[in-house]
Amino acid sequence: MTEYAITTSQLAKHYSNTRAVDGLDLRVPRGSIYGFLGRNGAGKTTTIRMLMGLAHPTSGSATVLGLRWPEDRCAILDRVGFVGEKKQLFESMKGNALVRFNKPYFPRWSDELANRYARRLEVPMDVPFKKLSQGNRTKLCLLLALAQGAELLILDEPTSGLDPVVMDELLRVLVEDYAGEGRTIFLSSHNLAEVEKIADWVGIIDRGKLLLEAPLEEIRADFRRVTASGNALPGERTEQVVSVAASGSVREYFVRNNAERFAAELRNQGATILEVSPLNLEQVFLRLVKKEEPCTAGNTGATHAVASSSI
Amino acid sequence: MLVHVNAATGVPLYLQIESQVKHAVAAGAMKQGETLPSVRKMAADLRVNPNTVARAYQNLERDGVIRTVPGGGTYVAGNVPGLLKAEKLKRLRPFAMQLAVEGTQLRLTPEEVLKLVEESLEELRVKP
């Protein structure tokens, strides 16, 4: 047993002229619910495809439950439940038939779980896959992964296309039957409010590189918005200052750590600190991935409207 | 007991759970000896990570609000928090400051602000 469910080391995938994944180092602790976040095209799906052996890394390596592709292929497929980006199964098969088809491949398969999830996620089991709606296809894929009794679930956008009732039920299942049992869930999602509730670890990826990987509580405790007013306030981004926005003599700093000390330094320079407030995950995400927001010493006095219109 | 959490507010979820349990106990909605749901059950009901609930329960236990019997569930403790007076006051000070700031901003007199606090205490039927 290693302490990580997934690790990657300088993992990279280059297509002709794009670096889809560009030197990624992930550490996904066992027993965590890990939210893997990024914009469209950030490299989430490519990373997941490499973890599941569906794409070969250009360089670097990955372990899944301490195992490696391709030599541990069978063990990985036994122990990892996977729902990919394209929710695709045999077109003509019905849910019930797919359950019978999948069962012999997985030593820890549970018919009881399959029945339970069919009921709880309201999956029509006697309709051919091709006749199911997008949401029901997703649900059937999830059911098959969940009934597998996997130690690790890798889910690429599991909640896309689900109605709010089913999504709520799915979150309950994940928390109760997986996290509650000490199993690991690695999921990519654009729904930051949902991730903020159920995840305890977050990794944010942008342009194939990892911007941040930390326990969610740490992110909540560390990131702060510091609002200050005064003359000659610093306008540069630094290691500590993620972004700066200016409006008249007031500046808003997004600080990634030691906000109190940062505020104290500003105060020593004669600034008035108006507020130091915490940020939710969505605000942190937006500040980290919207890098191009301009605000340097060069445009001191630029209004907030001007700064944001040039994004 | 019904607890609700909202991830969008920026208030840490464990604090939301903590303050709602404290409120329920202070208001008498939960009595001494009453059981709380297990960490796993509460987490599933709220769709939040079990570690979040575990952290809230740890803090509540530290504050003497609840009592956990290993392997035997979680109960409302009902005893006085075993904290020094100075520590209790220190913990309340930020709330007092916020009340003072908001009160001043709204141009309320100190008497009016104090009256509000007294009324709130009265509502919980706690003698000042």
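## Domains of chain A

Chain A falls into two domains, domain 1 (4-218) and domain 2 (223-309). The model is a predicted one. Between the C-alpha centres of domain 1 of chain A and domain 2 of chain A the distance is 36 Å. Nine residues of domain 1 of chain A and six residues of domain 2 of chain A form the contact.

On the side of domain 1 of chain A that touches domain 2 of chain A, at least two residues come from each of α7 (192-198), β9 (201-206) and β10 (209-215) of chain A. The most, three residues, is given by α7(A). Sorted by class, this side of domain 1 of chain A holds six nonpolar and three charged residues, with no polar ones.

## Overall build of chain A

Chain A has 11 helices and 14 strands. Along the principal axes, its C-alpha atoms fill a box of roughly 70 × 40 × 35 Å. Of the 311 residues in chain A, 39% are buried. When contacts in chain A between residues at least 6 apart in sequence are taken, 70% of them join residues at least 24 apart.

## Contact between chains A and B

Chain A contributes 18 residues to the contact and chain B contributes 13 residues. On the side of chain B that touches chain A, two or more residues are given by each of α2 and α3 (50-62) of chain B. With three residues, α2(B) gives the most to that side. The residues of the side of chain B that touches chain A comprise eight nonpolar, three polar and two charged.

## Helix pair α6(A) and α2(B)

Helix α6 (residues 164-178) of chain A and helix α2 (residues 39-46) of chain B have axes that come within 8 Å and cross at roughly 165°. Since angles over 145 degrees count as roughly antiparallel, α6(A) and α2(B) are therefore roughly antiparallel to each other. The crossing in which α6(A) passes α2(B) is right-handed.

From α6(A), the residues that meet α2(B) are Arg172(A), Val175(A) and Glu176(A); their counterparts in α2(B) are Arg40(B), Ala43(B) and Ala44(B). By class, this contact of α6(A) with α2(B) has three nonpolar and three charged residues and no polar ones.

## A buried leucine in chain A

Leu51(A) belongs to helix α1 (residues 44-51) of chain A. Leu51(A) counts as buried because it has 25 C-beta neighbours inside 10 Å, where 20 or more are needed.

Apart from neighbours within four places in sequence, the contacts of Leu51(A) are Ile6(A), Ala62(A), Val64(A) and Ile154(A). Ile6(A) is 45 residues from Leu51(A) along the chain, and their C-alpha atoms are separated by 8.3 Å.

## Backbone features in loops

The peptide bond between Trp69(A) and Pro70(A) is cis, with omega about -5°. Pro70(A) sits in the loop between β5 (59-64) and α2 (73-79) of chain A.

Glu122(A), a residue other than glycine, has a positive phi near 55°. The loop that holds Glu122(A) runs between α4 (111-120) and α5 (134-146) of chain A. Glu122(A) counts as partly exposed because it has 14 C-beta neighbours inside 10 Å.

In chain B, Arg107(B) also has a positive phi, about 60°, although it is not a glycine. Arg107(B) is placed in the loop between α4 (85-105) and α5 (110-123) of chain B. With 7 other C-beta atoms within 10 Å, Arg107(B) is exposed.

Definitions and conventions: Residues are numbered from 1 along each chain as its sequence is written. Chains are lettered from A and ligands numbered from 1 in the order in which they are written. This is a predicted model: local features need pLDDT of at least 70, side-chain atom pairs count only at pLDDT 80 or more; totals for chains, interfaces and linings use all residues. Domain bounds come from an automatic or database domain assignment. Two residues are in contact if their C-beta atoms, placed from the backbone, lie within 7 Å. Helices (H or I, at least four residues) and strands (E, at least two) are DSSP runs, numbered from the N terminus. Ala, Val, Leu, Ile, Met, Phe, Trp, Tyr, Cys and Pro count as nonpolar, Asp, Glu, Lys and Arg as charged, and the others, Gly among them, as polar. Axes are lines fitted to C-alpha atoms, for helices over the stretch in contact, and angles run from 0 to 180 degrees between N-to-C directions. Angles under 35 degrees count as roughly parallel, over 145 as roughly antiparallel, 65 to 115 as roughly perpendicular and the rest as oblique. A crossing is left-handed if the near helix is turned anticlockwise from the far one by less than a right angle, and right-handed if clockwise. A residue is buried if 20 or more other C-beta atoms lie within 10 Å of its own, exposed if 12 or fewer, and partly exposed in between; C-beta atoms are placed from the backbone.
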